[in-house]
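Open the structure in a viewer and keep the selection tool ready. Each stop below names what to select and says what is there.

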Amino acid sequence: MKNSYKIFNEDCRNGLKNIPDNSIDFIVTDPPYFIDGMDDNWDDTKLKKRVKLSCVVGGMPGGMKFDRAQGDNLQKFLEPLCKEFLRILKPGGFCIVFSQGRLYHRTTMALDLAGFEIRDLLGWKYEGQAKAFSQDHFIKKDKNMSDEEKEKLIKELEGLKTPQLKPQIEPMTLAQKPKEGTFVENWKKYKVGLVNTKETLDGMFPGTIMEVSKKIRKNETDEKIDHMTVKPVHLISHLIKLFTKEGQTVLDPFLGSGSHGIAAIINNRSFIGYEIERKYFDIAENRLSKAKNTQSLF
């Protein structure tokens, strides 16, 4: 049935096992990035406290701490999930996974090792906030330097900050389950595997860079969503229309506040989603119910 949905308040690692083989047309998801506590033990309250203290949202903390284990843990977390994605997608079906600049390669490797064909790197372009930090504070605290040395070094490092350029793109891996036979043969059997190039964001042939403002809203009554990594419904709608037909089924195993489900519903697709945290599940349930009843964009 068009624009029907089923969402579950459970860990997708358990829930996905109940989905039949070769039954999902498209997966689009934004998993935890394993940076600053955004892992499989996601604690919203602790994360918000950390963000407030460090002035960083889902990126690098003050001082540019780097931990290689973050990438290892992300890939280990994603590998069994990607195997499930491959199992439940129809042959030729696409899977898009949002990532982060520092860890995109880990996300991509998890999909690659599961058996997906890596088709492309897509980029969500937006206007971010600069997060780089100067070293003045650390220099001033150094007890091994004289005031004169500190003043000289601060002047020398004027304008030089931690290696964090202003974020303007969020990468997505575009992966495809191997098709059966030719593109045409696969399409005749499963109706997936090809891209709708009539769908466009800007009137041009669809491209790999998709510019959508984080602030885009369709009307002034849209509520502000209390979630740290909300993706614009307009962006997800574009992806859904590129890679699926009306009536097909979209899956998001990391539902969050439900934006991906809303994009599916308002574009006459069916939707399945999983969200482990009750707070966000309830927000998503409310938004999806409203979207189904009003067919309006949130």
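Select helix 8 (residues 233–243) and helix 9 (259–266). The two pack with their axes 8 Å apart and at an angle of about 55 degrees. Helix 8 is therefore oblique to helix 9. On this scale, angles under 35 degrees are roughly parallel, over 145 roughly antiparallel, 65 to 115 roughly perpendicular, and the rest oblique. The crossing of helix 8 past helix 9 is right-handed; right-handed means that the near helix is turned clockwise from the far one by less than a right angle, and left-handed means anticlockwise. Axes are lines fitted to C-alpha atoms, for helices over the stretch in contact, and angles between N-to-C directions run from 0 to 180 degrees. Helices (H or I, at least four residues) and strands (E, at least two) are DSSP runs numbered from the N terminus.

This is a predicted model, in which local features need pLDDT of at least 70 and side-chain atom pairs count only at pLDDT 80 or more, while totals for chains, interfaces and linings use all residues. Residues are numbered from 1 along each chain as its sequence is written, and side-chain values use heavy atoms, with hydrogens and water left out.

Helix 8 contributes Val233, Ile236, Ser237 and Ile240, and helix 9 contributes Ser259, His260, Ile262, Ala263, Ala264 and Ile266. Contact here means heavy atoms within 4.5 Å. Sorted by class, the contact of helix 8 with helix 9 has seven nonpolar, three polar and no charged residues. Nonpolar covers Ala, Val, Leu, Ile, Met, Phe, Trp, Tyr, Cys and Pro; charged covers Asp, Glu, Lys and Arg; the others, Gly among them, are polar.

Keep helix 9 selected. How many of its residues are buried? Eight of eight are, and helix 9 is mostly covered. Buried means under 20% relative accessible area, exposed means over 50%, and partly exposed lies in between (1.4 Å probe, protein chains only).

Step past the end of helix 9 to Asn268, which has a positive phi of about 60 degrees. Asn268 sits in the loop between helix 9 and strand 8, and its 23% relative accessibility makes it partly exposed. Next go to Lys191, which also is not a glycine and has a positive phi of about 60 degrees. Lys191 lies in the loop between helix 7 (183–190) and strand 6. At 38% relative accessibility, Lys191 is partly exposed.

Turn to the sheet and colour its strands. In what order do the eight strands of this open sheet stand? The order is 1-8-7-2-3-5-4-6, with mixed pairing. Strand 1 (5–8) and strand 6 (209–211) are at the edges with a single partner strand each, so one side of each has no neighbour in the sheet. Neighbouring strands are turned by 20 degrees against each other on average, direction ignored. Two strands pair if DSSP finds at least two bridges between them.

Select strand 3 (residues 89–98) and strand 5 (residues 169–176): they run antiparallel and are joined by five bridges. Cys95 has Ala175 of strand 5 as its bridge partner. Helix 8 packs on the sheet, and the strands it touches include strand 2 (24–29), strand 3 and strand 5; its direction makes about 160 degrees with that of strand 3. Helix 10 (residues 278–294) also packs on the sheet, touching strand 1 and strand 8 (270–274), and its direction makes about 175 degrees with that of strand 1.

Move to strand 2. Six of its six residues are buried, so strand 2 is largely enclosed by the rest of the structure. Strand 2 runs parallel to strand 3, with five bridges, and Ile24 stands opposite Leu89. Two bridges join strand 2 to strand 7, also parallel; there Phe26 stands opposite Val250.

For the last stop, select Glu10 in the loop between strand 1 and helix 1 (12–15). Is Glu10 buried or partly exposed? Glu10 is partly exposed, at 28% relative accessibility. Beyond its neighbours within four places in sequence, Glu10 contacts Gly15, Tyr274, Glu275 and Ile276.
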